[in-house]
Amino acid sequence: MTGVRGAFRVESLLSMAPPAAPLPSVPPLEDDLLTMAGYVQVSLLTAHKALVERRAVLALQVINGDDRIDRLEERIEDGAIDRLTRRPDADEARRLVSVLMINRDLERVGDLAEGIGHAVIELEADHPPIDL
């Protein structure tokens, strides 16, 4: 009998709770920016690992993956500029400028990771690792 009463109480509490608010959707530009941030993070971590472990194979993965970051950067930039040409309100314009700035910075970090990849390959060719 108490099990039924306990279940009834939980049900009545649930029915009194306000409906859950829908999760806000992420606009496409911001979604692309988050995707790009993930690619850049993986690229930077892989470049670091390639450098520390002197692994040219990892360095090549970073170098080859930079094209994906560059293409996404161009798509985000084109989308933001397209929206800016439609004369958005002040809040939207500030958001779009922020997207462009973050986009530029992420692309630059991706390029730096690629540079580390090139340095690892050069280091590997000039100075093979020494086992101690």
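Arginine 95 touches Glu30 and Arg83, leaving aside residues up to four places away in sequence; contact means heavy atoms within 4.5 Å. This is a predicted model, in which local features need pLDDT of at least 70 and side-chain atom pairs count only at pLDDT 80 or more, while totals for chains, interfaces and linings use all residues. Residues are numbered from 1 along each chain as its sequence is written, and side-chain values use heavy atoms, with hydrogens and water left out.

**Overall fold**

- The protein has 4 helices and 0 strands. Helices (H or I, at least four residues) and strands (E, at least two) are DSSP runs, numbered from the N terminus.
- Along the sequence the pattern reads α-α-α-α.
- Of the 132 residues of the protein, 23% count as buried. Buried means under 20% relative accessible area, exposed over 50%, and partly exposed in between, with a 1.4 Å probe and protein chains only.
- Take the contacts between residues at least 6 apart in sequence: 78% of them join residues at least 24 apart.

**Arginine 95 and glutamate 30**

- Arginine 95 belongs to helix α4. Glutamate 30 belongs to helix α2.
- Arginine 95 counts as partly exposed, because its relative accessibility is 23%.
- Glutamate 30 has a relative accessible area of 18%, so it counts as buried.
- Glutamate 30 touches Arg95 and Val99, again not counting residues up to four places away in sequence.

**Nonpolar core**

- The largest nonpolar core holds 11 residues in all. They are Leu29, Leu33, Met36, Val40, Ile69, Leu72, Ile76, Ala80, Leu96, Val99 and Leu106.
- Helices α2 (28-53), α3 (56-84) and α4 (90-126) each supply at least two residues of this core.
- Such a core is a set of buried Ala, Val, Leu, Ile, Met, Phe, Trp, Tyr and Cys residues joined through side-chain atoms within 4.5 Å.
- Leucine 29 touches Ile76, Gly79, Ala80, Arg83, Leu96 and Val99, with residues up to four places away in sequence not counted.

**Helix packing**

- Two packed helices are described by the angle between their axes and the distance between the axes. Axes are lines fitted to C-alpha atoms, for helices over the stretch in contact, and angles run from 0 to 180 degrees between N-to-C directions.
- The axes of α2 and α4 come within 9 Å and cross at roughly 20 degrees. α2 is therefore roughly parallel to α4. Angles under 35 degrees count as roughly parallel, over 145 as roughly antiparallel, 65 to 115 as roughly perpendicular and the rest as oblique.
- α2 passes α4 in a left-handed crossing. A crossing is left-handed if the near helix is turned anticlockwise from the far one by less than a right angle, and right-handed if clockwise.
- On the α2 side, the residues in contact with α4 include Leu29, Glu30, Leu33, Met36 and Val40. On the α4 side, they include Arg95, Leu96, Val99 and Leu106.
- The residues of this α2 and α4 contact divide into 17 nonpolar, 3 polar and 3 charged. Ala, Val, Leu, Ile, Met, Phe, Trp, Tyr, Cys and Pro count as nonpolar, Asp, Glu, Lys and Arg as charged, and the others, Gly among them, as polar.
- The axes of α3 and α4 come within 9 Å and cross at roughly 165 degrees. That makes α3 roughly antiparallel to α4.
- α3 and α4 cross in a left-handed way. Their contact has 16 nonpolar, 4 polar and 11 charged residues.
- The axes of α2 and α3 come within 9 Å and cross at roughly 160 degrees. These helices are therefore roughly antiparallel to each other.
- α2 also passes α3 in a left-handed crossing. The contact of α2 with α3 divides into 15 nonpolar, 5 polar and 7 charged residues.

**Loop residues with positive phi**

- Most residues other than glycine have a negative phi.
- Arginine 54 is not a glycine, yet has a positive phi of about 55 degrees. Arginine 54 lies in the loop between α2 and α3.
- Arginine 54 is partly exposed, with a relative accessible area of 23%.
- Arginine 87, also a residue other than glycine, has a positive phi near 55 degrees. Its place is in the loop between α3 and α4.
- Arginine 87 is exposed, with a relative accessible area of 76%.
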